[in-house]
Amino acid sequence: MTLASSRTTTATHWGAYEVEVENGRVRALRPYAGDRDPSPISDGVPEVLDGPLRIRRPAIRKGWLERARRPDARRRGGEPFVEVPWDEALDLVAAEIERIRAQHGNQAIFAGSYGWASAGRFHHANSQIHRFLNIAGGYTRSVNTYSHAAAEVILPHVLGPLRKLLDEAADWPSIAEHGGLVVMFGGVPLKNAQVNSGGVTAHGLRAALETARGNGVRFVYLGPLEDDAAPFLDARWLQPRPNTDTAVMLGIAHTLVEEGLEDRPFLERYTTGFDRFLPYLRGESDGQPKDATWAGRISGLEPEAIRHLAREMAGRRTLVSVSWSLQRQDHGEMGYWMAVTLAAMLGQIGLPGGGFVSGLGAEEFIGKPRPRVPFASLPRGDNGVDDFIPVARIADLLLHPGEPFDYDGRRYVYPDIRMVYWAGGNPFHHHQDLNRLVRAWRRPDTVVVHEHYWNALARHADVVLPAATFLERTDIAAGPHDDHVVAMRQAISPVGESRTDYQIFGGLAERLGLGEAFTEGRDAESWLRHLWDRSRQRAAEAGIELPSLEDLFEKGVHPLPPGTRHAFLEAFRADPEANPLPTPSGLIEIFSETIRDFGLRDMPGHPVWREPGEWLGAEAAGRFPLHLVSNQPRTKLHSQYDHGPHSRAAKIRGREPVLIHPGDARARGIQD
């Protein structure tokens, strides 16, 4: 790109940086001067850009290349690769796409692009692959996220879309000014807030928490890991057995009812179904009151601690905060449904500093006032295929073609996938059962991936196309979750023969006769100008002035005007008739007729406690008395740059350390 620049800046999901380049190599990433709490994850990047794991040329699995039309997929992941010229690689991939479309239909192609691929608006792998395959006729897609899929599915029936809840979450300035108590189910971990989908320029969670605590806001933390509540919060730490949060919430709710502390006027005006939930809570429908004693037996907490917390929550402006981890467990929908119910019983939804919030600390943007600038992104077109899967069912999809599956009250059928095309993210990091995934991964005819490094995804592919990193291309990081815009100027030439995703898909589109449809006659710089011009126009309509593209690249970082403060569902509280929720009743649904009518055995029409398949209260815990908690690492974003020096420095003999409670360690003779 020919734009002049007095500095080279870039943006990542964990921070914005000035790039120090010497003799064509990146020497360091210096955090943006306005970031008072920068993440050190960037320390792991420069060394590995041209390190031994970098993919430098197109590579094809030897067995697939030799048996191009009769590949032995059972050997995928266990054979060497052969490097080939770009033209040969693109010819082979284009021919394979054409063969599968002709013989099996476009639904036989599964497009994987799940993960944190790039902070840039244009060189965003998810947008690039879906645009290409949509133009080629479509593909089988995935819906929802590994981060919070259960919440994404349950909340629209109960409160409204999770995305709206995250975008309009209770903001920290309002919590600091009006809040009295924050009850954190799962904590608010600072290490998780190192990152932000779409990029983060100035980390603010630590300062926000310090301000709230300094203003007298009190914190109660329920969870197993001490580090998930910052020490300076001086939070009261309750340690229920993992996966028992719903039972604890029910015990709190029972105490509120028995002591007359619930807000009946709020429940009557803003919710529906509390009267149908109450018999379960009191035990009238099943003979077991969900009181604090019952909740204590399940959770391991003292019953009086549960009762005391209930009274404290009813006596102060209280925010019920639930981490995403609560719904990543058996019956994870119930924890979120019950948390909404508990917040409704307190009657503070719609008030500043009170109510319900999801994911504080999960990403940096949640709880941060920020402008809502409708930045333009690469148009993806329309998918000509209706088939989809919930994102975490990829192994089921590959292993069980033609079999039915249930999702959100409806029944669907898994298509027969012959090609997996993956660009952006790494399923071998985020999937749950990797041995099963490896078996499933060997079923399709062909797996094509775009990758920077020889990670597990690349090693389990048939065709590996080397992709340029964020430092080897020019882009713009612009929202929607940050309060700055950052120019991402190419800092170095692509290592080896690596190309951008746009170049790769453009080459494939030409071979399929779709070149003009994919590029619209634009190169990468023309697209960037086009998207920025559209963004400036949209911002102007919203009363926000953005600089010219040249000025942006001259400045490097452009701050956006401050966002407005608000309370989540403030308008709904003020007038529920004029501002109904997007639920069937327009109200908060403590009892859902829709969910009841799904007829699911474990999902009645209201929140309930369901025993997890594996937990420390199960009979099997006598044989297996330890509960493994695998949480977000502090030295990397998921598995990105795991091979870099910052991540390696925290390892022990090349492995991630495992922490064990001192009492459990002593009982097993473990010294370190």
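Predicted model: local features only at pLDDT ≥ 70, side-chain atom pairs only at ≥ 80, totals over all residues.

1. The protein chain has 25 helices and 23 strands. Its radius of gyration is 26 Å, close to the 26 Å from the globule rule for 672 residues, so the chain is as compact as a globular protein of that length. Along the principal axes, the C-alpha atoms fill a box of roughly 75 × 60 × 55 Å.

2. Of the 672 residues, 56% are buried. Among contacts with a separation of 6 or more, 74% are between residues 24 or more positions apart.

3. The chain exposes about 27700 Å², and carbon and sulfur atoms supply 46% of that area. As for charge, the mean positions of the 77 positive and 87 negative charges are 4 Å apart.

4. Do have a look at helix H4 (residues 149-158), which is mostly covered, with eight of its 10 residues buried. Among the buried ones are Glu-152 and His-157, along with Val-153, Ile-154 and Leu-155. The cover over these buried residues includes helices H5 (162-167), H13 (332-346) and H23 (593-598), as well as strands E15 (404-407) and E23 (588-589). After H4 comes Gly-160, with a positive phi near 140°.

5. Which residues does Asn-134 contact, leaving aside neighbours within four places in sequence? They are Tyr-139, Arg-380, Gly-381, Asp-382 and Asn-383. Asn-134 itself lies in helix H3 (residues 125-135), and its relative accessibility is 9%, so it counts as buried under the 20% cut-off.

How values were computed
Residues numbered from 1 in each chain as written. Heavy atoms only, no water. Buried < 20%, exposed > 50% of the residue type's maximum accessible area, 1.4 Å probe, protein only. Helix = DSSP H or I, 4+ residues; strand = E, 2+ residues; numbered from the N terminus. Contact = heavy atoms within 4.5 Å. Rg over C-alpha atoms; globule rule 2.2 N^0.38 Å. Areas by Shrake-Rupley, 256 points an atom, 1.4 Å probe, with all protein chains shown as cover. Lys, Arg positive; Asp, Glu negative; His and termini not counted. Charge placed at Lys NZ, Arg CZ, Asp CG, Glu CD.
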